[in-house]
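Hi,

Here is the structure I said I would pass on.

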Amino acid sequence: MAYNIAIGGDHAGYTYKSLLIKLLKELGHEVQDFGPGSEASVDYPDHVHPLAKAVIAKEADFGILICGSGNGVAMTANKYKEIRAALCWQPELAKLARSHNDANVLCIPARFVSEEVAEEMVKAFLSTDFEGGRHQNRVNKIAAC
């Protein structure tokens with residue numbers, strides 16, 4: 001299934017973002033690039049907030065955020081009650097984030113995973129469906145307000 005994917009992050013994630021955009025297009029997905037446009041230093045919230053709003057508005061099916069540690073982008077995205085951003089560092093975690101937590105944003109720590117692992121996480125994330133069932137009740141309890 002082809003998705004519309006929103007992608008963004010910060011300067012530390014720029015190289016991986018470029019690589020993943022190419023992969024996503026090769027896999028037949030549409031991509032919305034929320035920046036940054038270079039490796040010049042930026043403030044990641046300036047790119048995360050618009051991406052999260054696009055996912056919430058259903059302008060994108062999923063989001064992918066990349067920064068050095070993955071923490072900053074995940075923390076920012078998770079400020080929105082409709083976002084379930086998962087910081088992952090291996091494909092199995094990306095798969096579980098989708099199947100058990102219905103994650104709609106994958107966060108990648110560019111300084112801690114290889115390009116190959118990042119690509120495999122994206123493939124796992126996008127090819128895994130939410131299982132629902134017992135997990136749905138738990139997901140319903142995530143949002144604080």
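A quick definition before the details: a residue is called buried when its relative accessible area is under 20%. Asp-102 comes in at 18% relative accessibility, so it counts as buried. Do keep in mind that this is a predicted model.

Because they share partners, the salt bridges join Arg-84, Arg-98 and Asp-102 into one network. In the Arg-84 to Asp-102 bridge, the closest N and O atoms are 3.3 Å apart. That pair links distant parts of the chain, with Arg-84 in the loop between α3 (71-77) and β4 (85-87) and Asp-102 in the loop between α4 and β5, 18 residues apart.

The structure holds four salt bridges, and another one worth a look pairs Asp-33 with Lys-17 at 2.8 Å, N to O. Asp-33 sits in strand β2 (residues 30-33) and Lys-17 in helix α1, so this bridge ties together parts that are 16 residues apart in sequence.

Asn-104 is buried, with a relative accessible area of 10%. Its side chain reaches the backbone oxygen of Glu-82 at 3.0 Å, and a polar atom of that side chain lies 2.8 Å from the backbone nitrogen of Arg-84. Leaving aside residues up to four places away in sequence, Asn-104 touches several others, including Val-55, Phe-62, Ile-83 and Phe-125.

Finally, the nonpolar side. In soluble globular proteins, nonpolar side chains tend to be buried together. The largest nonpolar core here has 26 residues, and Leu-20, Ile-64, Ile-66, Leu-106, Ile-108, Val-122 and Leu-126 touch the most other members. Elements giving two or more residues to this core include β1 (4-9), α1 (14-26), β3 (62-67) and β5 (105-109). The largest share, six residues, comes from α5. Apart from this core lies another, of 18 residues, with Val-73, Ala-74, Ala-77 and Tyr-80 among them.

Cheers

Technical notes:
Residues are numbered from 1 along each chain as its sequence is written. This is a predicted model: local features need pLDDT of at least 70, side-chain atom pairs count only at pLDDT 80 or more; totals for chains, interfaces and linings use all residues. Side-chain values use heavy atoms; hydrogens and water are left out. A nonpolar core is a set of buried Ala, Val, Leu, Ile, Met, Phe, Trp, Tyr and Cys residues joined through side-chain atoms within 4.5 Å. Buried means under 20% relative accessible area, exposed over 50%, partly exposed in between (1.4 Å probe, protein chains only). Helices (H or I, at least four residues) and strands (E, at least two) are DSSP runs, numbered from the N terminus. A polar contact is a pair of N or O atoms within 3.5 Å; within protein, one must be able to donate a hydrogen and the other to accept it, and residues adjacent in sequence count only if both atoms are side-chain atoms. Contact means heavy atoms within 4.5 Å. A salt bridge is a side-chain nitrogen of Lys or Arg within 4 Å of a carboxyl oxygen of Asp or Glu.
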